[in-house]
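Me: I would like to learn how to read a protein fold feature by feature. Can you take me through one?

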Amino acid sequence: MKNNSIKKTLPRIIRNMVLVLILLILPANIWLQISIIHGNQEESSREVFGQFQQLIETNNRDLELKKQEFSERCIQAADAAAYFVSHDSSVTSNFEQTRELAEKLDIDELHFFTPDGKIYFGTHPQYYGYTFHSGEQMEFFLPMLEDKNLKLCQEIMPNTAEKKEMQYAAVWLEDGSGIVQIGMEPRRLMEIMEEKSLKKVVSSFPFDLRGYFHVVDKNTMQIIASTAESMIGKDMSQELKSAGALKNFQAYHYKYHGKRYCVYSQVYKDYILLRSYTSIYPIKEVLVSSMLVLLYVGVAAVVVIVIITWYVNKQLSNNLTQLVDDLKKIENGHLESIHLKTRITELDDLIFYINQMMQSIRLNWNKLSHVIDKGQLPVGIFEDNVFYKKTFLNQRLLEILGIGDYEGIPSAQINQMVKERLYQAEQGLVDSAEQIYRYNKNGSEVYLRIEKILDEQSMTYYVTDVSLWWGEIYQLREKSNRDPLTELYNRRGFNDKVSELFKTPEILGYAMILMLDADGLKKINDVYGHRTGDAYLKEISDQLRESVGKEAVCARLGGDEFVAFVYGYSSYRELEEIIANLKEKRGSVFIQEHSERKEAVEFSLGCAFYPMDGTDYHLLMHLADETMYQEKRSRKSLCGRP
């Protein structure tokens, strides 16, 4: 097999990686750039639409203000004319004075009406004889004939005779002898309206060959204003309806004169606002960007290859040479750690693991000394070196764990079997201080002392069979935890057992605390003696033990009180069946030897369920005790006892 030089291999790998990187980056860059451009176009379109709407709203407010100011000026001019006429009525019959007054007031028309609304004099004789009934424009002032306090100013509109834009205002003379009407041509206002017209507003937007802004009349579906004048008047009904542009904001494509456009639209009042871009524009931008990226990657690749080649030749080779020299020293028996610092992660990791190997060798000598110290005891030893993934065990451990007939079995399988047996033993913790564990050794129960030592490289077990020694201690403890009369647990034993069970709630399932109190014990003691009373209590304990089954801890708390903790069931219904079964036993005949008298077994019962009533067994004991005494009181009242 041909050996490859790292000096040649590494630059070749980098070149190949650069080619792969380019093949991956170019499509990703194209997609990303197109997405960014479309995003920018959409954001720009929203911005333009917002600016347009804001400008239109501002222009409308300004126009309304200007119109209001012009209307107020018209009313003021009419009031001024009425004031002059009231003080010099000759104006209403002298044409020159009328024209002179109109010039002083800077108005274009001045007419005088009779009280019934007919023009009888003014600056324009051609209008003499017109009345408030002479056309729509004149009818605007009809309400003045009914109310002499009215002052009316008409909107700007073409006058009836000459069709030029005018605004008229009329007021009554102070004495009510006639009406004065003035007319003003809104030249400046019309200029302002022209400046703020839709076409002017749109034409003020920046013109961009790559993007256009159009305003479409929603009723006629024609472009009425555009940054591209050639588009004004174009019918967009087919393009807009097929694209669904009547939604609030929409992006779509359409073709116009052979060119494809990307269009963003938004509905604003009676208009549809369009921002269109030529679809070829993003593609050109992306191609230019991709070529730049390709150029940058190529230049960067050349620089990287040059630097890495220099680095491999100057830095990596020297460190590898020094590391090989240190390994030769280890091969010759020098077991000290390597102190070389290369500042190269991979080489420093390699040196770290070599040093760990050296440390493991040194630690094994210490462990061997420990085993020798333990040699006088029948100790089973198992070491699992997680660093080297190797194990060591002695034959004594196999005997302690009950593993026999292992001839011909692969060592890996034996090791796995030992791990499983040790794990099984660790689940039966009996005494954490003494490190005592209960272990099922091929059907027989034994007690093991398991000492586990952990270091940075391995986990070691030292196992001793202490069944004889621990059995004596266990029997003494069991005896001290039992009630001698009923052979049930006493209060201390019950608390110890239940406390241990509640440390592993996953095995409890549905459980309950049962509290029993013997009824009539005093009567039996008084009539038959305490020996019979003891037999009576034993009968109740037997019924309790028989009813709750094996998965229960039963105890006599003292006197005539009993308790049972029943656990490991899958539903409350099963627990309720136990209670019902126990209640059925009440009233059974209690027969005494050498006596013809028969007494019934009676007791009061209370219970609390886990976890429904609580998860603390002291609380459950209290609740069960409460319900027991409630039943006891009710049973006494039914029997008529005080």
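Reply: What follows goes from the whole chain to a sheet, its helices, the cores and a few backbone details. Keep in mind that this is a predicted model.

Me: Start with the totals. How many helices and strands are there in the protein?
Reply: The protein has 16 helices and 23 strands. Of its 642 residues, 40% are buried. The accessible surface comes to about 37,600 Å², and carbon and sulfur atoms hold 54% of that. Now take contacts with a separation of 6 or more: residues 24 or more positions apart account for 54% of them.

Me: How do I read a sheet? What is the strand order in the open sheet of four strands?
Reply: The general idea: strands of a sheet pair through backbone hydrogen bonds, either parallel or antiparallel. Here the order is 19-20-18-23, and the pairing is antiparallel. Strand 19 (552-558) and strand 23 (603-610) are at the edges; each has a single partner strand, so one side of each lacks a neighbour in the sheet. On average, neighbouring strands are turned by 15° against each other, direction ignored.

Me: Over how many bridges do strand 18 and strand 20 pair?
Reply: Seven, in the antiparallel sense. Strand 18 covers residues 510-518 and strand 20 covers residues 561-569.

Me: Which strands does helix 12 touch?
Reply: Helix 12 (residues 491-502) packs on the sheet and touches strand 18, strand 19, strand 20 and strand 23. Its direction makes about 20° with that of strand 20. Helix 15 (residues 572-584) lies across strand 18, strand 20 and strand 23. Relative to strand 23, helix 15 runs at about 175°.

Me: And a helix pair? At what angle do the axes of helix 13 and helix 14 cross?
Reply: Two packed helices are described by the angle between their axes and the distance between the axes. For helix 13 (residues 521-528) and helix 14 (residues 530-548), the crossing is roughly 145°, and the axes come within 7 Å. From helix 13, the residues involved are Leu521, Ile524, Asn525 and Tyr528. They meet His530, Thr532, Gly533, Tyr536 and Leu537 in helix 14. By class, this contact has five nonpolar, four polar and no charged residues.

Me: Which residues have the most contacts inside the largest nonpolar core?
Reply: Leu514, Leu516 and Val548, in a core of 26 residues. Helix 14 gives the most to this core, with five residues. Leaving out residues up to four places away in sequence, Val548 touches Leu514, Cys554, Ala564, Val566, Tyr569 and Ile578. Another core, of 24 residues, lies apart from it; Leu105, Phe112, Ile156 and Leu189 are among its members.

Me: Is Gln181 buried or exposed?
Reply: Gln181 has 2% relative accessibility, so it counts as buried. Its place is in strand 6 (residues 179-184). Among the residues it touches are Glu109, His111, Phe141 and Tyr168.

Me: Last, the backbone. Which residues does a cis peptide bond join?
Reply: Tyr610 and Pro611, with omega about 0°. Pro611 sits in the loop between strand 23 and helix 16 (617-639). Asp106 has a positive value near 55° and is not a glycine. Asp106 is in the loop between helix 2 (95-104) and strand 1 (109-113), and at 51% relative accessibility it counts as exposed. Asn442 also has a positive phi, of about 55°. Asn442 lies in the loop between strand 15 (436-441) and strand 16 (444-454). At 55% relative accessibility, Asn442 counts as exposed.

Technical notes
Residues are numbered from 1 along each chain as its sequence is written. This is a predicted model: local features need pLDDT of at least 70, side-chain atom pairs count only at pLDDT 80 or more; totals for chains, interfaces and linings use all residues. Side-chain values use heavy atoms; hydrogens and water are left out. Two strands pair if DSSP finds at least two bridges between them. Helices (H or I, at least four residues) and strands (E, at least two) are DSSP runs, numbered from the N terminus. Axes are lines fitted to C-alpha atoms, for helices over the stretch in contact, and angles run from 0 to 180 degrees between N-to-C directions. Contact means heavy atoms within 4.5 Å. Ala, Val, Leu, Ile, Met, Phe, Trp, Tyr, Cys and Pro count as nonpolar, Asp, Glu, Lys and Arg as charged, and the others, Gly among them, as polar. Buried means under 20% relative accessible area, exposed over 50%, partly exposed in between (1.4 Å probe, protein chains only). Accessible areas come from the Shrake-Rupley method with a 1.4 Å probe; for residues, only the protein chains shown count as cover. A nonpolar core is a set of buried Ala, Val, Leu, Ile, Met, Phe, Trp, Tyr and Cys residues joined through side-chain atoms within 4.5 Å.
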